[in-house]
Amino acid sequence: MEEPKRCDVPIEALLRFRVTGGFIVAVLLTVFLSFVSWRNARRAGQDAHSVSHTHEVMATIQGTSIDVLETVGLILTVGSWMLAFLVIIRGIGICARAQSQPNTLNAELKQRVKESTAALQSGLERTAELTVTNEELEAFTYSVSHDLRAPIRHISGFTKILLEQFRSSLPVEAQGHLQLIDQAAGRMGQMVDEMLKLARLGRQALEVKTTGLSSLVADVVTLMAPETEGRQVEWKVGELPFMECDPILMRQVFQNLISNALKYSRPRSPAVIEIGQTEKEGEKVIFVKDNGVGFDMKYSDKLFGVFQRLRVAEEFEGNGIGLATVERIIKKHGGRVWVDAELDRGATFFFTLGAAEHSAKKAAAAAGASL
Amino acid sequence: MNPIRDILLVEDSQNDIDLALYALREDRLANSIFIVRDGKEALDFLFCRGAFAERSFSHPPKLVLLDLKLTKVDGLQVLKELKNDSRTKTIPVVIMTSSNEERDLVEGYNLGVNSFIQKPVDFDQFRTTVKTLVQYWLVVNQPPPTDSAPTMRGRPLS
(Lines give C-alpha, C1' and ligand atoms only; values in the text may rest on other atoms or scores of the structure.)
Protein backbone atom coordinates (compact mmCIF):
# COMPACT_ATOMS: atom_id res chain seq x y z
CA MET A 1 0.00 0.00 0.00
CA GLU A 2 1.29 3.46 -0.91
CA GLU A 3 2.20 5.56 2.06
CA PRO A 4 0.28 8.81 2.02
CA LYS A 5 2.55 11.85 1.28
CA ARG A 6 3.26 14.21 4.10
CA CYS A 7 1.49 17.47 3.78
CA ASP A 8 4.02 20.21 4.73
CA VAL A 9 2.19 23.49 4.41
CA PRO A 10 5.05 25.74 5.70
CA ILE A 11 7.27 24.74 2.76
CA GLU A 12 5.33 27.15 0.58
CA ALA A 13 6.25 30.15 2.74
CA LEU A 14 9.81 28.93 3.00
CA LEU A 15 10.15 28.70 -0.77
CA ARG A 16 8.72 32.18 -1.30
CA PHE A 17 11.19 33.59 1.25
CA ARG A 18 14.14 31.87 -0.38
CA VAL A 19 13.22 32.97 -3.88
CA THR A 20 12.52 36.57 -2.92
CA GLY A 21 15.60 36.83 -0.71
CA GLY A 22 17.87 35.24 -3.29
CA PHE A 23 16.58 37.50 -6.00
CA ILE A 24 17.06 40.69 -3.95
CA VAL A 25 20.58 39.67 -2.93
CA ALA A 26 21.47 38.90 -6.54
CA VAL A 27 20.10 42.23 -7.78
CA LEU A 28 21.87 44.19 -5.05
CA LEU A 29 25.14 42.37 -5.77
CA THR A 30 24.79 43.03 -9.47
CA VAL A 31 24.05 46.72 -8.93
CA PHE A 32 26.98 47.07 -6.56
CA LEU A 33 29.44 45.26 -8.79
CA SER A 34 28.23 47.11 -11.85
CA PHE A 35 28.73 50.34 -10.01
CA VAL A 36 32.26 49.34 -8.99
CA SER A 37 33.25 48.28 -12.48
CA TRP A 38 31.65 51.38 -14.02
CA ARG A 39 33.60 53.62 -11.66
CA ASN A 40 36.81 51.76 -12.40
CA ALA A 41 36.18 51.96 -16.10
CA ARG A 42 35.56 55.66 -15.81
CA ARG A 43 38.71 56.15 -13.85
CA ALA A 44 40.63 54.06 -16.31
CA GLY A 45 39.24 56.19 -19.14
CA GLN A 46 40.18 59.35 -17.38
CA ASP A 47 43.71 58.18 -16.68
CA ALA A 48 44.19 56.40 -19.97
CA HIS A 49 47.17 58.29 -20.93
CA SER A 50 48.69 59.13 -17.66
CA VAL A 51 50.33 56.85 -15.29
CA SER A 52 48.34 56.96 -12.13
CA HIS A 53 49.22 55.53 -8.72
CA THR A 54 46.37 53.39 -8.76
CA HIS A 55 47.09 51.92 -12.17
CA GLU A 56 49.89 49.51 -12.37
CA VAL A 57 50.75 47.53 -15.38
CA MET A 58 51.20 44.13 -13.97
CA ALA A 59 52.06 42.24 -17.03
CA THR A 60 52.67 42.75 -20.66
CA ILE A 61 51.60 40.07 -22.98
CA GLN A 62 52.55 40.59 -26.55
CA GLY A 63 52.63 44.28 -25.99
CA THR A 64 49.07 44.52 -24.67
CA SER A 65 48.82 45.97 -21.25
CA ILE A 66 46.14 44.69 -18.98
CA ASP A 67 44.58 46.86 -16.38
CA VAL A 68 44.08 44.67 -13.33
CA LEU A 69 41.21 46.58 -11.79
CA GLU A 70 39.45 46.93 -15.10
CA THR A 71 39.75 43.20 -15.66
CA VAL A 72 38.60 42.37 -12.19
CA GLY A 73 35.66 44.75 -12.61
CA LEU A 74 34.73 43.17 -15.92
CA ILE A 75 34.93 39.67 -14.53
CA LEU A 76 32.88 40.68 -11.53
CA THR A 77 30.27 42.43 -13.69
CA VAL A 78 29.91 39.48 -16.02
CA GLY A 79 29.97 37.10 -13.08
CA SER A 80 27.36 39.03 -11.13
CA TRP A 81 25.07 39.25 -14.14
CA MET A 82 25.47 35.52 -14.65
CA LEU A 83 24.77 34.92 -10.99
CA ALA A 84 21.74 37.17 -11.10
CA PHE A 85 20.60 35.40 -14.24
CA LEU A 86 21.02 32.01 -12.60
CA VAL A 87 19.24 33.14 -9.48
CA ILE A 88 16.39 34.53 -11.52
CA ILE A 89 16.13 31.36 -13.61
CA ARG A 90 16.20 29.23 -10.50
CA GLY A 91 13.79 31.58 -8.79
CA ILE A 92 11.37 31.28 -11.66
CA GLY A 93 11.68 27.53 -11.46
CA ILE A 94 11.06 27.51 -7.76
CA CYS A 95 8.26 30.03 -8.13
CA ALA A 96 6.63 27.87 -10.72
CA ARG A 97 6.99 24.89 -8.46
CA ALA A 98 5.86 26.90 -5.46
CA GLN A 99 2.87 28.08 -7.39
CA SER A 100 2.07 24.58 -8.42
CA GLN A 101 2.64 23.47 -4.84
CA PRO A 102 -0.74 24.64 -3.53
CA ASN A 103 -2.30 22.65 -6.33
CA THR A 104 -0.25 19.65 -5.34
CA LEU A 105 -1.14 20.19 -1.72
CA ASN A 106 -4.71 20.69 -2.59
CA ALA A 107 -4.69 17.60 -4.73
CA GLU A 108 -2.93 15.73 -1.97
CA LEU A 109 -5.47 16.92 0.55
CA LYS A 110 -8.31 15.98 -1.75
CA GLN A 111 -6.69 12.62 -2.33
CA ARG A 112 -6.36 12.08 1.41
CA VAL A 113 -9.93 13.15 2.05
CA LYS A 114 -10.95 10.80 -0.72
CA GLU A 115 -8.87 8.00 0.77
CA SER A 116 -10.22 8.63 4.25
CA THR A 117 -13.77 8.74 2.94
CA ALA A 118 -13.12 5.55 1.02
CA ALA A 119 -11.62 3.97 4.13
CA LEU A 120 -14.58 5.10 6.21
CA GLN A 121 -16.95 3.94 3.54
CA SER A 122 -15.26 0.58 3.30
CA GLY A 123 -15.22 0.44 7.10
CA LEU A 124 -18.93 1.08 7.19
CA GLU A 125 -19.47 -1.39 4.39
CA ARG A 126 -17.35 -3.90 6.25
CA THR A 127 -19.39 -3.36 9.42
CA ALA A 128 -22.59 -3.71 7.44
CA GLU A 129 -21.14 -6.77 5.76
CA LEU A 130 -20.18 -8.27 9.10
CA THR A 131 -23.61 -7.53 10.49
CA VAL A 132 -25.15 -9.20 7.47
CA THR A 133 -22.70 -12.09 7.76
CA ASN A 134 -23.52 -12.42 11.42
CA GLU A 135 -27.22 -12.39 10.73
CA GLU A 136 -26.74 -14.84 7.88
CA LEU A 137 -24.68 -17.04 10.15
CA GLU A 138 -27.37 -16.94 12.79
CA ALA A 139 -30.07 -17.69 10.25
CA PHE A 140 -27.88 -20.50 8.93
CA THR A 141 -27.32 -21.93 12.40
CA TYR A 142 -31.01 -21.73 13.03
CA SER A 143 -32.08 -23.47 9.85
CA VAL A 144 -29.35 -26.11 10.06
CA SER A 145 -30.31 -26.86 13.65
CA HIS A 146 -33.92 -27.15 12.59
CA ASP A 147 -33.16 -29.38 9.68
CA LEU A 148 -30.97 -31.59 11.86
CA ARG A 149 -33.73 -32.21 14.35
CA ALA A 150 -35.70 -34.50 12.04
CA PRO A 151 -32.88 -36.91 11.13
CA ILE A 152 -31.71 -37.05 14.76
CA ARG A 153 -35.26 -37.87 15.83
CA HIS A 154 -35.34 -40.63 13.23
CA ILE A 155 -32.01 -42.10 14.37
CA SER A 156 -33.13 -41.97 17.98
CA GLY A 157 -36.54 -43.43 17.11
CA PHE A 158 -35.47 -46.35 14.97
CA THR A 159 -32.61 -47.24 17.29
CA LYS A 160 -35.09 -47.46 20.17
CA ILE A 161 -37.49 -49.51 18.06
CA LEU A 162 -34.67 -51.90 17.16
CA LEU A 163 -33.80 -52.25 20.82
CA GLU A 164 -37.38 -52.75 21.87
CA GLN A 165 -38.67 -54.96 19.09
CA PHE A 166 -35.64 -57.03 18.22
CA ARG A 167 -33.64 -57.14 21.40
CA SER A 168 -34.02 -60.91 21.80
CA SER A 169 -32.62 -61.60 18.34
CA LEU A 170 -29.70 -59.20 18.71
CA PRO A 171 -26.29 -60.26 20.06
CA VAL A 172 -25.34 -58.45 23.26
CA GLU A 173 -22.58 -56.60 21.42
CA ALA A 174 -25.05 -55.27 18.84
CA GLN A 175 -27.35 -54.16 21.64
CA GLY A 176 -24.45 -52.27 23.17
CA HIS A 177 -23.70 -50.55 19.87
CA LEU A 178 -27.32 -49.58 19.47
CA GLN A 179 -27.34 -48.16 22.98
CA LEU A 180 -24.32 -46.03 22.09
CA ILE A 181 -26.01 -44.81 18.91
CA ASP A 182 -29.05 -43.92 20.93
CA GLN A 183 -27.02 -42.02 23.52
CA ALA A 184 -25.06 -40.19 20.83
CA ALA A 185 -28.27 -39.22 19.07
CA GLY A 186 -29.64 -37.99 22.39
CA ARG A 187 -26.58 -35.83 22.97
CA MET A 188 -26.72 -34.49 19.45
CA GLY A 189 -30.39 -33.69 19.90
CA GLN A 190 -29.64 -31.77 23.07
CA MET A 191 -26.86 -29.84 21.40
CA VAL A 192 -29.06 -28.93 18.47
CA ASP A 193 -31.82 -27.76 20.78
CA GLU A 194 -29.34 -25.69 22.78
CA MET A 195 -28.04 -24.20 19.54
CA LEU A 196 -31.57 -23.28 18.62
CA LYS A 197 -32.09 -21.61 21.96
CA LEU A 198 -28.89 -19.66 21.53
CA ALA A 199 -29.79 -18.63 17.98
CA ARG A 200 -33.23 -17.58 19.17
CA LEU A 201 -31.60 -15.46 21.83
CA GLY A 202 -29.85 -13.50 19.11
CA ARG A 203 -33.16 -12.75 17.42
CA GLN A 204 -35.09 -11.99 20.56
CA ALA A 205 -35.58 -8.31 21.44
CA LEU A 206 -34.54 -7.15 24.91
CA GLU A 207 -37.34 -6.23 27.25
CA VAL A 208 -35.53 -3.97 29.64
CA LYS A 209 -37.04 -3.26 33.04
CA THR A 210 -35.71 -2.00 36.36
CA THR A 211 -34.89 -5.29 38.01
CA GLY A 212 -33.91 -5.97 41.58
CA LEU A 213 -31.05 -8.44 41.27
CA SER A 214 -31.24 -9.46 44.93
CA SER A 215 -34.67 -11.05 44.66
CA LEU A 216 -33.80 -12.48 41.27
CA VAL A 217 -30.70 -14.17 42.68
CA ALA A 218 -32.65 -15.37 45.71
CA ASP A 219 -35.14 -17.03 43.33
CA VAL A 220 -32.37 -18.70 41.38
CA VAL A 221 -30.67 -19.94 44.55
CA THR A 222 -33.96 -21.49 45.68
CA LEU A 223 -34.34 -23.06 42.26
CA MET A 224 -30.91 -24.66 42.64
CA ALA A 225 -31.93 -26.52 45.79
CA PRO A 226 -32.08 -29.96 44.10
CA GLU A 227 -28.51 -29.52 42.88
CA THR A 228 -27.26 -28.83 46.40
CA GLU A 229 -28.94 -31.84 47.97
CA GLY A 230 -26.55 -33.88 50.05
CA ARG A 231 -23.89 -31.23 49.71
CA GLN A 232 -22.53 -28.58 51.98
CA VAL A 233 -22.95 -25.26 50.26
CA GLU A 234 -22.21 -21.95 51.88
CA TRP A 235 -23.97 -19.09 50.12
CA LYS A 236 -22.61 -15.59 50.50
CA VAL A 237 -25.04 -13.32 48.73
CA GLY A 238 -24.14 -9.67 49.11
CA GLU A 239 -26.21 -6.59 48.51
CA LEU A 240 -27.12 -6.45 44.85
CA PRO A 241 -28.34 -3.39 42.97
CA PHE A 242 -31.41 -2.67 40.90
CA MET A 243 -30.36 -2.69 37.29
CA GLU A 244 -31.92 -2.02 33.93
CA CYS A 245 -32.03 -5.35 32.19
CA ASP A 246 -34.27 -8.00 30.69
CA PRO A 247 -35.30 -9.92 33.86
CA ILE A 248 -35.95 -13.19 32.06
CA LEU A 249 -32.57 -13.16 30.37
CA MET A 250 -30.83 -11.94 33.52
CA ARG A 251 -32.33 -14.84 35.44
CA GLN A 252 -30.84 -17.12 32.79
CA VAL A 253 -27.43 -15.48 33.32
CA PHE A 254 -27.53 -16.09 37.07
CA GLN A 255 -28.92 -19.56 36.60
CA ASN A 256 -26.07 -20.50 34.28
CA LEU A 257 -23.35 -18.86 36.37
CA ILE A 258 -24.60 -20.23 39.70
CA SER A 259 -25.22 -23.68 38.29
CA ASN A 260 -21.71 -23.56 36.87
CA ALA A 261 -20.30 -22.51 40.24
CA LEU A 262 -22.19 -25.33 41.96
CA LYS A 263 -21.06 -27.86 39.42
CA TYR A 264 -17.36 -27.08 39.54
CA SER A 265 -17.27 -26.77 43.32
CA ARG A 266 -18.75 -30.23 43.77
CA PRO A 267 -15.46 -31.70 45.07
CA ARG A 268 -15.40 -29.02 47.81
CA SER A 269 -16.96 -29.34 51.22
CA PRO A 270 -18.17 -26.82 51.95
CA ALA A 271 -18.60 -25.29 48.52
CA VAL A 272 -18.52 -21.53 48.96
CA ILE A 273 -20.46 -19.52 46.43
CA GLU A 274 -20.34 -15.79 46.64
CA ILE A 275 -22.53 -13.42 44.66
CA GLY A 276 -22.00 -9.72 45.00
CA GLN A 277 -21.21 -6.43 43.41
CA THR A 278 -18.12 -4.36 43.08
CA GLU A 279 -17.13 -1.36 41.03
CA LYS A 280 -14.66 -0.94 38.23
CA GLU A 281 -13.98 2.41 36.61
CA GLY A 282 -17.24 3.78 37.95
CA GLU A 283 -19.21 0.88 36.52
CA LYS A 284 -21.24 -1.60 38.52
CA VAL A 285 -19.74 -5.05 38.28
CA ILE A 286 -21.62 -8.14 39.41
CA PHE A 287 -19.69 -11.27 40.25
CA VAL A 288 -20.30 -14.93 40.98
CA LYS A 289 -17.41 -16.59 42.75
CA ASP A 290 -16.78 -20.19 43.71
CA ASN A 291 -14.05 -22.14 45.45
CA GLY A 292 -14.24 -24.96 42.93
CA VAL A 293 -11.72 -26.67 40.69
CA GLY A 294 -11.06 -23.50 38.65
CA PHE A 295 -9.00 -23.66 35.50
CA ASP A 296 -5.82 -22.43 33.94
CA MET A 297 -6.36 -18.86 32.70
CA LYS A 298 -4.52 -19.64 29.47
CA TYR A 299 -7.67 -21.43 28.35
CA SER A 300 -9.96 -18.59 29.37
CA ASP A 301 -10.55 -17.51 25.76
CA LYS A 302 -12.15 -20.87 25.10
CA LEU A 303 -14.55 -20.55 27.96
CA PHE A 304 -17.30 -18.57 26.29
CA GLY A 305 -17.23 -20.44 22.99
CA VAL A 306 -20.11 -22.64 21.94
CA PHE A 307 -19.53 -26.31 22.83
CA GLN A 308 -16.15 -25.43 24.34
CA ARG A 309 -15.42 -27.26 27.52
CA LEU A 310 -12.37 -27.21 29.71
CA ARG A 311 -13.33 -30.42 31.49
CA VAL A 312 -14.35 -33.75 30.07
CA ALA A 313 -18.06 -34.47 30.15
CA GLU A 314 -17.46 -37.58 32.26
CA GLU A 315 -16.04 -35.45 35.05
CA PHE A 316 -18.48 -32.54 34.93
CA GLU A 317 -21.59 -32.96 32.83
CA GLY A 318 -22.77 -30.20 30.53
CA ASN A 319 -23.16 -29.29 26.93
CA GLY A 320 -20.73 -26.39 26.71
CA ILE A 321 -23.34 -23.82 25.92
CA GLY A 322 -24.14 -22.26 29.30
CA LEU A 323 -21.36 -19.69 29.29
CA ALA A 324 -21.85 -18.96 25.60
CA THR A 325 -25.44 -18.11 26.48
CA VAL A 326 -24.28 -15.89 29.36
CA GLU A 327 -21.93 -14.03 27.06
CA ARG A 328 -24.61 -13.64 24.42
CA ILE A 329 -27.08 -12.18 26.91
CA ILE A 330 -24.55 -9.81 28.48
CA LYS A 331 -23.40 -8.60 25.07
CA LYS A 332 -26.98 -8.07 24.08
CA HIS A 333 -27.27 -5.72 27.04
CA GLY A 334 -24.13 -3.91 25.87
CA GLY A 335 -22.12 -5.23 28.79
CA ARG A 336 -18.99 -7.29 29.26
CA VAL A 337 -18.29 -10.60 30.90
CA TRP A 338 -14.92 -11.88 31.99
CA VAL A 339 -13.43 -14.42 34.30
CA ASP A 340 -10.65 -14.69 36.79
CA ALA A 341 -9.60 -18.16 37.80
CA GLU A 342 -6.77 -20.34 38.92
CA LEU A 343 -6.44 -24.06 38.62
CA ASP A 344 -7.79 -25.72 41.78
CA ARG A 345 -8.49 -22.36 43.39
CA GLY A 346 -11.92 -21.49 42.08
CA ALA A 347 -13.23 -19.10 39.51
CA THR A 348 -14.93 -15.71 39.58
CA PHE A 349 -17.16 -14.55 36.77
CA PHE A 350 -17.69 -10.82 36.43
CA PHE A 351 -20.11 -8.92 34.26
CA THR A 352 -21.32 -5.40 33.58
CA LEU A 353 -24.49 -4.39 31.87
CA GLY A 354 -23.04 -1.48 29.90
CA ALA A 355 -25.25 0.52 27.60
CA ALA A 356 -28.64 -0.61 28.89
CA GLU A 357 -27.62 0.43 32.38
CA HIS A 358 -26.12 3.76 31.28
CA SER A 359 -29.18 4.82 29.35
CA ALA A 360 -31.27 3.82 32.33
CA LYS A 361 -29.16 5.99 34.63
CA LYS A 362 -29.70 8.92 32.31
CA ALA A 363 -33.41 8.26 32.21
CA ALA A 364 -33.51 7.96 35.99
CA ALA A 365 -31.57 11.20 36.38
CA ALA A 366 -33.89 12.92 33.94
CA ALA A 367 -36.94 11.69 35.79
CA GLY A 368 -35.33 12.50 39.11
CA ALA A 369 -36.48 9.10 40.19
CA SER A 370 -34.61 6.88 42.54
CA LEU A 371 -35.18 3.34 43.53
CA MET B 1 -62.51 -44.55 -0.81
CA ASN B 2 -64.45 -43.45 2.18
CA PRO B 3 -62.33 -43.86 5.23
CA ILE B 4 -63.85 -42.93 8.56
CA ARG B 5 -60.91 -42.40 10.78
CA ASP B 6 -60.51 -40.46 13.98
CA ILE B 7 -57.10 -38.98 13.27
CA LEU B 8 -55.85 -37.40 10.10
CA LEU B 9 -52.07 -37.32 10.03
CA VAL B 10 -50.71 -34.87 7.50
CA GLU B 11 -47.04 -35.73 7.23
CA ASP B 12 -44.66 -35.94 4.29
CA SER B 13 -41.84 -37.80 6.00
CA GLN B 14 -42.20 -41.57 5.92
CA ASN B 15 -39.85 -41.88 8.87
CA ASP B 16 -42.04 -39.64 10.98
CA ILE B 17 -45.12 -41.55 9.87
CA ASP B 18 -43.51 -44.84 10.90
CA LEU B 19 -42.45 -43.44 14.25
CA ALA B 20 -45.88 -41.95 14.96
CA LEU B 21 -47.58 -45.22 14.01
CA TYR B 22 -45.16 -47.17 16.18
CA ALA B 23 -45.93 -44.90 19.12
CA LEU B 24 -49.69 -45.19 18.64
CA ARG B 25 -49.65 -48.90 17.97
CA GLU B 26 -48.78 -49.46 21.60
CA ASP B 27 -52.07 -47.85 22.57
CA ARG B 28 -53.91 -49.60 19.74
CA LEU B 29 -54.65 -46.28 18.17
CA ALA B 30 -52.72 -46.83 14.97
CA ASN B 31 -55.72 -48.18 13.13
CA SER B 32 -57.70 -45.01 13.63
CA ILE B 33 -55.15 -42.98 11.69
CA PHE B 34 -55.51 -41.91 8.12
CA ILE B 35 -52.38 -40.61 6.51
CA VAL B 36 -52.02 -38.02 3.76
CA ARG B 37 -48.64 -36.97 2.44
CA ASP B 38 -49.13 -33.41 1.25
CA GLY B 39 -51.22 -30.30 1.78
CA LYS B 40 -53.41 -30.75 -1.26
CA GLU B 41 -54.32 -34.28 -0.29
CA ALA B 42 -55.13 -33.04 3.21
CA LEU B 43 -57.50 -30.41 1.86
CA ASP B 44 -59.12 -32.95 -0.48
CA PHE B 45 -59.69 -35.25 2.47
CA LEU B 46 -61.07 -32.56 4.76
CA PHE B 47 -63.30 -30.99 2.11
CA CYS B 48 -64.46 -34.35 0.79
CA ARG B 49 -63.34 -33.75 -2.76
CA GLY B 50 -61.08 -35.23 -5.40
CA ALA B 51 -60.05 -38.73 -4.34
CA PHE B 52 -62.16 -38.26 -1.21
CA ALA B 53 -65.36 -37.10 -2.88
CA GLU B 54 -67.28 -39.92 -1.24
CA ARG B 55 -66.41 -38.79 2.24
CA SER B 56 -69.02 -36.88 4.18
CA PHE B 57 -68.75 -33.73 6.25
CA SER B 58 -70.86 -35.43 8.88
CA HIS B 59 -67.88 -37.61 9.82
CA PRO B 60 -65.03 -35.23 10.36
CA PRO B 61 -61.81 -36.49 11.93
CA LYS B 62 -61.63 -35.95 15.67
CA LEU B 63 -58.12 -34.65 15.31
CA VAL B 64 -55.84 -33.39 12.58
CA LEU B 65 -52.11 -33.76 13.23
CA LEU B 66 -50.60 -31.27 10.86
CA ASP B 67 -46.99 -30.90 9.82
CA LEU B 68 -46.06 -27.46 8.52
CA LYS B 69 -43.46 -28.26 5.91
CA LEU B 70 -45.58 -29.88 3.26
CA THR B 71 -45.38 -30.07 -0.49
CA LYS B 72 -47.99 -28.58 -2.86
CA VAL B 73 -49.89 -26.68 -0.14
CA ASP B 74 -48.05 -25.84 3.07
CA GLY B 75 -49.39 -26.60 6.53
CA LEU B 76 -50.39 -23.06 7.44
CA GLN B 77 -52.41 -22.76 4.22
CA VAL B 78 -54.19 -26.02 5.04
CA LEU B 79 -54.95 -24.64 8.49
CA LYS B 80 -56.21 -21.36 7.06
CA GLU B 81 -58.64 -23.02 4.65
CA LEU B 82 -59.79 -25.41 7.32
CA LYS B 83 -60.46 -22.73 9.91
CA ASN B 84 -62.03 -20.35 7.40
CA ASP B 85 -64.73 -22.79 6.37
CA SER B 86 -67.75 -23.22 8.60
CA ARG B 87 -67.95 -26.90 7.70
CA THR B 88 -64.48 -27.68 9.00
CA LYS B 89 -63.49 -24.98 11.43
CA THR B 90 -64.43 -26.89 14.58
CA ILE B 91 -62.13 -29.80 13.79
CA PRO B 92 -59.30 -29.73 16.33
CA VAL B 93 -55.97 -29.17 14.65
CA VAL B 94 -52.64 -29.80 16.33
CA ILE B 95 -49.58 -28.55 14.53
CA MET B 96 -46.70 -30.97 14.97
CA THR B 97 -43.57 -29.62 13.49
CA SER B 98 -39.82 -29.78 13.78
CA SER B 99 -39.60 -26.03 13.99
CA ASN B 100 -40.91 -23.75 16.63
CA GLU B 101 -40.23 -20.68 14.60
CA GLU B 102 -41.99 -17.80 16.32
CA ARG B 103 -43.47 -16.66 13.02
CA ASP B 104 -45.15 -20.04 12.59
CA LEU B 105 -46.37 -20.04 16.17
CA VAL B 106 -47.92 -16.60 15.88
CA GLU B 107 -49.38 -17.33 12.47
CA GLY B 108 -50.64 -20.72 13.59
CA TYR B 109 -52.47 -19.36 16.60
CA ASN B 110 -53.80 -16.41 14.61
CA LEU B 111 -55.29 -18.86 12.17
CA GLY B 112 -56.95 -20.70 15.03
CA VAL B 113 -54.80 -23.76 15.64
CA ASN B 114 -55.84 -25.68 18.77
CA SER B 115 -52.37 -26.68 19.84
CA PHE B 116 -48.81 -26.31 18.66
CA ILE B 117 -46.21 -28.95 19.39
CA GLN B 118 -42.57 -29.12 18.50
CA LYS B 119 -41.66 -32.71 17.78
CA PRO B 120 -39.14 -33.68 20.43
CA VAL B 121 -35.81 -34.97 19.14
CA ASP B 122 -35.71 -37.74 21.70
CA PHE B 123 -37.91 -40.62 20.66
CA ASP B 124 -39.18 -41.39 24.16
CA GLN B 125 -40.39 -37.82 24.49
CA PHE B 126 -41.81 -37.93 20.98
CA ARG B 127 -43.71 -41.09 21.80
CA THR B 128 -45.07 -39.66 25.04
CA THR B 129 -46.08 -36.46 23.28
CA VAL B 130 -47.95 -38.23 20.49
CA LYS B 131 -49.71 -40.58 22.87
CA THR B 132 -50.65 -37.83 25.28
CA LEU B 133 -52.13 -35.54 22.71
CA VAL B 134 -54.03 -38.30 20.95
CA GLN B 135 -55.38 -39.46 24.31
CA TYR B 136 -56.38 -35.95 25.17
CA TRP B 137 -58.17 -35.07 21.92
CA LEU B 138 -59.78 -38.45 21.40
CA VAL B 139 -60.61 -39.48 24.93
CA VAL B 140 -60.49 -36.55 27.33
CA ASN B 141 -61.71 -33.74 25.13
CA GLN B 142 -65.40 -33.38 24.26
CA PRO B 143 -65.63 -32.97 20.49
CA PRO B 144 -68.17 -30.58 18.99
CA PRO B 145 -71.48 -32.35 18.21
CA THR B 146 -71.38 -33.45 14.60
CA ASP B 147 -75.13 -33.41 13.95
CA SER B 148 -75.63 -29.74 14.79
CA ALA B 149 -74.77 -27.05 12.32
CA PRO B 150 -71.17 -26.10 13.05
CA THR B 151 -71.85 -22.58 11.81
CA MET B 152 -74.16 -21.99 14.74
CA ARG B 153 -71.81 -23.49 17.26
CA GLY B 154 -68.47 -22.19 16.13
CA ARG B 155 -67.57 -18.68 17.02
CA PRO B 156 -67.33 -16.45 13.99
CA LEU B 157 -63.79 -15.70 12.93
CA SER B 158 -62.68 -12.14 13.20
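Where in chain B does C48(B) lie? C48(B) sits in the loop between α2 (39–46) and β3 (63–66) of chain B. Its phi is near 50°, a positive value in a residue other than glycine. C48(B) is also buried, with a relative accessible area of 12%; buried means under 20% relative accessible area, exposed over 50%, and partly exposed in between (1.4 Å probe, protein chains only).

A word on conventions before going further. This is a predicted model, in which local features need pLDDT of at least 70 and side-chain atom pairs count only at pLDDT 80 or more, while totals for chains, interfaces and linings use all residues. Residues are numbered from 1 along each chain as its sequence is written, chains are lettered from A and ligands numbered from 1 in the order in which they are written, and side-chain values use heavy atoms, with hydrogens and water left out.

**Chain B as a whole**

Chain B has six helices and five strands, where helices (H or I, at least four residues) and strands (E, at least two) are DSSP runs numbered from the N terminus. Along the sequence they follow the pattern β-α-β-α-β-α-β-α-β-α-α. Of the 158 residues in chain B, 53% are buried. Among contacts (heavy atoms within 4.5 Å) with a separation of 6 or more in chain B, 66% join residues 24 or more positions apart.

**Two backbone points in chain A**

The peptide bond from S269(A) to P270(A) is cis, with omega near 5°. P270(A) is placed in the loop between α6 (247–264) and β6 (271–280) of chain A. E281(A) is exposed, at a relative accessible area of 76%.

**Where the chains meet**

In the interface, 21 residues of chain B are in contact with 20 residues of chain A. The area buried between them is about 1700 Å², and carbon and sulfur atoms give 49% of it; buried area is the accessible area (1.4 Å probe) that two parts lose on being put together, summed over both. In chain B, L19(B), Y22(B) and V121(B) lose the most area to chain A, together 36% of what that side buries.

The rule finds five salt bridges across this interface, a salt bridge being a side-chain nitrogen of Lys or Arg within 4 Å of a carboxyl oxygen of Asp or Glu. The elements giving two or more residues to the chain B side are α1 (14–25) and α5 (123–140). The largest share, five residues, comes from α1(B).

**Salt bridges up close**

Over all chains the structure holds 22 salt bridges. Here are some of them:

| Pair | N to O distance |
|---|---|
| R127(B) and E164(A) | 2.7 Å |
| D44(B) and K40(B) | 3.0 Å |
| K119(B) and D16(B) | 3.4 Å |
| E327(A) and K331(A) | 3.8 Å |

K119(B) lies in the loop between β5 (115–118) and α5 of chain B and D16(B) in helix α1, so the pair ties together parts that are 103 residues apart in sequence. Both K119(B) and D16(B) are buried.

D44(B) and K40(B) both lie in helix α2 of chain B, four residues apart, about one turn of the helix. D44(B) is buried at 10% relative accessible area, whereas K40(B) is partly exposed at 43%. Finally, salt bridges that share partners join K160(A), E164(A), D182(A), E26(B), D122(B), D124(B), R127(B) and K131(B) into one network.
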